[in-house]
Amino acid sequence: MAVSIRLRREGTTNRPYYKVVVADGRSPRDGKLIEIVGTYDPKKQGHNSTLKLDRVEHWISKGAQPSDTVRSLIKKNREVAPAAPVAAEAETVPAESAVAG
């Protein structure tokens with residue numbers, strides 16, 4: 001079974017959004033899927049996608065092939081992901097010192 005990571009179209013006419021799914025390569029675009037691993041909203045400005053990078057890495061290690069668009073989304077999310085935990089830690093440190101003092 002050739003597994004692929006690709007986009008599944010959702011939404012209405014002129015207002016699409018996509019779910020990033022793991023599916024058999026032979027199934028139709030909006031057909032049967034194995035797992036939902038993220039979302040993508042092309043109409044939204046700025047950071048417009050979310051991915052479960054651990055699950056994406058798991059499926060790629062098992063041989064799944066991402067589509068060109070999903071490959072681009074993975075690259076963008078890898079760049080953003082390391083910055084998020086650092087910002088969260090920076091916000092919690094002053095709060096802890098304020099409680100202690």
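Predicted model: local features only at pLDDT ≥ 70, side-chain atom pairs only at ≥ 80, totals over all residues.
## Strand pairing

Strands (E, at least two residues) and helices (H or I, at least four) are DSSP runs numbered from the N terminus. Two residues separate the strands in the hairpin of S1 and S2, where Asn14 adopts a positive phi near 65 degrees.

S1 also pairs with strand S5 (residues 65–66), in the parallel sense and over two bridges. Within S5, Pro66 is the bridge partner of Ile5.

## Nonpolar core

The largest nonpolar core comprises 16 residues, and Ile5, Leu7 and Val20 have the most contacts inside it. Such a core is a set of buried Ala, Val, Leu, Ile, Met, Phe, Trp, Tyr and Cys residues joined through side-chain atoms within 4.5 Å. Two or more residues each are supplied by strands S1 (3–12), S2 (15–24) and S3 (35–40) and by helices H1 (53–61) and H2 (68–80). In soluble globular proteins, nonpolar side chains tend to be buried together.

Beyond residues up to four places away in sequence, Ile5 touches, among others, Val20, Val22, Val37, Val56, Trp59, Ile60 and Val70; contact means heavy atoms within 4.5 Å.

## Aromatic pair

One aromatic pair is found in a search of the whole structure. Tyr18 and Tyr40 form this pair, which is stacked, with 6.1 Å centre to centre and 25 degrees between the planes. Rings of Phe, Tyr and Trp (its six-membered ring) pair if their centres lie within 6.5 Å, and planes under 30 degrees apart count as stacked, over 60 as edge-to-face and the rest as tilted.

Tyr18 in strand S2 and Tyr40 in strand S3 are 22 residues apart, and the pair thus links distant parts of the chain. Both tyrosines, Tyr18 and Tyr40, are buried, meaning under 20% relative accessible area, with exposed over 50% and partly exposed in between (1.4 Å probe, protein chains only).

## The loop residue Ser27

Ser27 is located in the loop between S2 and S3 and is buried, with a relative accessible area of 16%. Its side chain makes a polar contact with the side chain of Arg6 (2.8 Å). A polar atom of the Ser27 side chain also lies 2.9 Å from the backbone oxygen of Asp24. A polar contact is a pair of N or O atoms within 3.5 Å; within protein, one must be able to donate a hydrogen and the other to accept it, and residues adjacent in sequence count only if both atoms are side-chain atoms. Leaving aside neighbours within four places in sequence, Ser27 is in contact with Arg6 and Lys32.

## Basis of the values

Local features need pLDDT of at least 70 and side-chain atom pairs count only at pLDDT 80 or more, whereas totals for chains, interfaces and linings use all residues. Residues are numbered from 1 along each chain as its sequence is written, and side-chain values use heavy atoms, with hydrogens and water left out.

How values were computed
Pairing = 2+ DSSP bridges.
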